[in-house]
Amino acid sequence: MTHKRQRDKPLILMLDDNPVNLEELAGLVDEAGFDVLRAETGEIALVQAVAQLPDLILLDVLMPGMDGFTVCQTLKTIPTTRDIPVLFMTALADTADKLKGFQVGAVDYITKPFQYEEVLARVQTHLTLQKLKLELQEKEQRLSRIFENAMDAILTLDDIGRITLFNAAAEQMFRCKAADSIGRAVDRFLSPELYKTLTNFRNGVPAEQAIWVSEGMSAVRADESTFPIEATISRVEAIGQKLYILILRDINERKARQQAEAECNTLRGINLYLQEEVLASRDGEELIGNSPALHQAMDLVRQVANTDATVLITGETGTGKELIARAIHNLSARKDKTLVKLNCATIPENLAESELFGHEKGSFTGAIARKLGRFELANGGTLFLDEIGELPLEMQAKLLRVLQEGEFERVGGTQTLTCDVRVIAATHRDLAQFSQQGKFRADLYYRLNVFPINLPPLRERKEDVPFLVKHFIDKYAAKFGKKIQSIPERMMADLQSYFWPGNIRELQHIIERAVILTKGSQLAAVDCVNLMGAGGAPNAAPIVTLDEAERAHILKALEATSWRIAGNQGAAKILGVPSTTLRSRMEKLGISKPA
């Protein structure tokens with residue numbers, strides 16, 4: 001098929017050795033809305049046709065040198081021009097000349113002298129026919145590609161059961177070439193039961209236009225081996241003739257494909273988590289410091305890492321509980337497997353089960369595909385459940401079952417799945433107190449609290465502040481392209497004296513802000529310790545609960561950002577938590593924007 005250039009108007013090439021006739025006819029065609037190419041010799045016409053690929057060619061027959069017949073015949077031997085319609089213009093009325101024109105490939109004849117209206121009508125007619133022809137060819141090629149590229153075997157049969165089409169998937173399925181199959185009776189490839197079903201359908205039983213053949217039937221390959229299939233059989237009318245379309249799928253291959261797809265989904269999910277882990281490891285911090293409190297925590301990490309014991313990490317928000325979990329995983333025998341994370345405080349209650357255990361396609365509105373849960377993704381590795389104290393009570397019972405038996409079912413599924421997962425949980429809550437108040441299952445608490453590790457707040461490891469400050473300065477100076485060589489002594493003293501209600505995360509964001517504001521080689525001083533009194537100690541205030549302290553801290557951040565939660569200038573950024581986590585905490589603590 002000729003690949004025409006995209007153009008706004010059809011392009012007509014005219015060949016006539018009479019300049020007067022050529023100019024007059026070209027003007028007429030141009031006025032009718034066509035673009036025109038002119039040629040006075042056959043040689044020039046050939047060059048222009050190959051270079052410009054016109055939509056239609058008007059040729060004079062009697063020419064000096066190369067005549068119109070020769071030009072047309074030559075055009076039809078060139079792949080890019082052979083489909084361009086050619087109309088002859090001549091004063092010759094002899095039938096033999098007209099026949100010769102058609103023999104060399106012309107589509108029409110216009111006899112001189114001619115009416116210009118006739119010329120325009122014939123040009124428009126053949127342009128329309130050529131457009132329809134190209135559209136039909138394109139549709140046929142598209143349909144052919146669909147058949148050839150279909151994953152299922154497709155056979156079309158005539159009304160007596162002979163094969164008229166045998167696509168590439170059928171060649172692969174039956175292990176024979178289409179050339180060896182077309183024209184043969186289809187019963188060669190069907191089991192007696194399947195052939196009987198096809199025969200009944202051809203005889204009108206049942207009377208539907210299509211039927212589905214489920215599992216239980218089989219087909220026969222060229223080597224006489226049989227295999228189970230599922231298929232559809234349909235009938236169509238084409239040019240007054242009945243055709244039957246048989247679409248077959250190898251059940252064994254389908255099941256193998258589904259298994260491969262399931263494994264691919266698992267690998268895709270694991271890959272996603274690994275990418276998140278890489279990003280987290282780049283953005284997260286190492287366990288930095290030299291305090292006795294940190295050394296004690298790390299001693300516990302090393303003792304428990306090579307076991308499969310469940311670990312419960314406790315500590316205030318921002319103390320680095322996730323870093324402890326990552327350290328346990330990296331020091332364990334599971335380090336080559338995946339560390340999967342789930343923050344229980346950020347997931348809606350109605351989606352908690354799906355997040356943990358996955359769901360089947362169609363199990364609930366919006367479940368458009370099977371989803372693997374965190375336990376499946378972490379199989380063989382480690383699952384870190386952050387903020388475990390926020391998990392709904394109903395889900396706590398199901399989590400306990402997995403921890404005790406290693407079994408679960410996807411939402412909407414009936415198959416019981418097993419997993420080998422090491423669980424590490426973390427919380428800033430007092431789960432012992434929560435269990436006494438009925439807010440957390442006592443049996444789950446005891447199952448999680450096999451090996452507790454308490455991570456001390458930053459105010460209890462003040463000697464680590466200089467190490468952390470240097471680490472954060474190096475990190476953000478590299479990020480923002482700055483070279484910082486010193487820090488004001490007063491600022492370091494304030495940092496070491498501060499109470500740090502937001503712990504390491506608060507320190508991290510204070511240093512980031514200071515680095516951004518730095519213009520020279522010395523770290524810019526920032527008003528980072530707003531709660532300090534004149535003596536360098538926290539202002540005297542009554543001791544409050546953690547919830548009250550957290551509520552006051554969140555309100556302070558919200559007020560500082562004019563109650564903007566998300567974005568680079570939002571409260572979530574200052575507090576060092578995702579905006580979804582902050583909204584969840586605000587709802588739990590009863591914080592809402594003043595009217």
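Predicted model: local features only at pLDDT ≥ 70, side-chain atom pairs only at ≥ 80, totals over all residues.
Residues are numbered from 1 along each chain as its sequence is written, and side-chain values use heavy atoms, with hydrogens and water left out. Local features need pLDDT of at least 70, side-chain atom pairs count only at pLDDT 80 or more, and totals for chains, interfaces and linings use all residues.

Helices (H or I, at least four residues) and strands (E, at least two) are DSSP runs, numbered from the N terminus. Strands of a sheet pair through backbone hydrogen bonds, either parallel or antiparallel. Here an open sheet of 5 strands runs in the order S2-S1-S3-S4-S5 with parallel pairing; two strands count as paired if DSSP finds at least two bridges between them. Strand S2 (35–39) and strand S5 (108–111) are at the edges with a single partner strand each, so one side of each has no neighbour in the sheet. From one strand to the next, the twist averages 20 degrees. S5 is joined to strand S4 (residues 86–90) by 4 bridges in the parallel sense, and Phe88 is opposite Tyr109 in S5.

Side chains of opposite charge can pair when their charged atoms come close. With a salt bridge defined as a side-chain nitrogen of Lys or Arg within 4 Å of a carboxyl oxygen of Asp or Glu, the count is 34 salt bridges. In one of them, Arg401 and Glu405 have their closest N and O atoms 3.8 Å apart. Both lie in helix H13 (residues 393–405), 4 residues apart, and are therefore separated by about one helical turn.

Asp547 and Arg429 also form a salt bridge, at 2.9 Å between the closest N and O atoms. This pair links distant parts of the chain, 118 residues apart: Asp547 is in helix H19 (residues 546–560), and Arg429 is in the loop between strand S18 (422–427) and helix H14 (431–436). Asp547 is partly exposed at 31% relative accessibility, whereas Arg429 is buried at 9%. Through shared partners, salt bridges join Glu390, Arg429, Asp547, Glu550, Arg585 and Lys588 into one network.

Notes: Axes fitted to C-alpha atoms, helices over the stretch in contact; angles between N-to-C directions. Buried < 20%, exposed > 50% of the residue type's maximum accessible area, 1.4 Å probe, protein only.
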